[in-house]
Amino acid sequence: MVALLAGGGGGLTATTELSGAVIAPGVMVVDTNVKKVQHPTGGVVGELRVRDGDQVKAGDVVVRLDETVTQANLAIVVNGLTELWARQGRLEAERDGAKTITFLPELIARKADREVARVMAGEQALFDTRRRAREGQKAQLKERIGQLKEQINGLDDQIRAKKREIELIHQELEGVRDLWRKNLVQIQASRASWISATLQRVTALERDPARLEGERGMGAF
């Protein structure tokens, strides 16, 4: 049977003619060829979990990257968030006029951390300082308001006094004018000197109301 098959195959090959053929490039590999393993973002290999000849399946950890740079970047981001959350609590307390800061639950849950505690204490100290400064400014403004009120009261009293003085001056002026009309003002030895003194007296009395009106206006202003 073997001789028959060999003779039949050889005869068929010798007598068969090929009219054409298709040639194409190709690469033949075996299933045990080395496979390349690459992380999508790259990094430094910190631990290699497999060796040559080990069998792995989907989900197995083959390589663990070094966490130094990643942990440092994470710490920077976390510290930034901590400072922003603490500042947010301080600003909200200042906005609401509170006497103390109410920090976010995220910070309170991590207050055992030294860095978090330091940030919270710093914001609380700044809040207390700014609150005392505002209270001092309010006290100064209240004192200034009191002084201005006293000054206003004093000016009102001055205005009333000037008004009364003007009324008295007008009364005195009217009396002197009446005596002038009756020729009864400051009778002296010489008629010329008597007239001069009387005119000076009337002029002074007429000038005083104008001066007092001006002082009154300045006090009202």
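User: How many residues does helix 2 have, and what span is expected at 1.5 Å a residue?

Analyst: Bear in mind that this is a predicted model. Helix 2 has 29 residues, and the expected span is 42 Å. From its first C-alpha to its last, the helix reaches 42 Å, close to that expectation. Just after helix 2 comes Gly97, with a positive phi of about 70 degrees.

User: Which residues of helix 2 are buried?

Analyst: They are Thr82, Ala86, Gly89, Arg90, Ala93 and Glu94. The label "buried" calls for under 20% relative accessible area.

User: What makes up the largest nonpolar core?

Analyst: Nine residues: Ala86, Ala93, Ile101, Phe103, Leu107, Val116, Val119, Met120 and Phe127. Helix 4 gives the most, with four. As a general point, nonpolar side chains tend to be buried together in soluble globular proteins.

User: Which residues is Val119 in contact with, leaving aside neighbours within four places in sequence?

Analyst: Thr82, Glu83 and Ala86.

User: Why is the pairing of Arg49 and Glu47 called a salt bridge?

Analyst: The cut-off is 4 Å between a side-chain nitrogen of Lys or Arg and a carboxyl oxygen of Asp or Glu. For Arg49 and Glu47 the N to O value is 2.7 Å, so the pair passes.

User: What makes Arg95 count as exposed?

Analyst: Exposed means over 50%, and Arg95 has 63% relative accessibility, so it qualifies. Asp96 is exposed as well, with a relative accessible area of 54%. Arg95 and Asp96 form a salt bridge, their closest N and O atoms being 3.0 Å apart.

User: How many salt bridges does the count come to, and which residues are linked in a network?

Analyst: The count comes to 10 salt bridges. The network links Arg90, Glu94, Glu123 and Arg130. Two of these residues, Arg90 and Glu94, are also among the buried residues of helix 2.

Notes
Residues are numbered from 1 along each chain as its sequence is written. This is a predicted model: local features need pLDDT of at least 70, side-chain atom pairs count only at pLDDT 80 or more; totals for chains, interfaces and linings use all residues. Side-chain values use heavy atoms; hydrogens and water are left out. A nonpolar core is a set of buried Ala, Val, Leu, Ile, Met, Phe, Trp, Tyr and Cys residues joined through side-chain atoms within 4.5 Å. Buried means under 20% relative accessible area, exposed over 50%, partly exposed in between (1.4 Å probe, protein chains only). Helices (H or I, at least four residues) and strands (E, at least two) are DSSP runs, numbered from the N terminus. Contact means heavy atoms within 4.5 Å. The expected span of a helix is 1.5 Å times one less than its number of residues.
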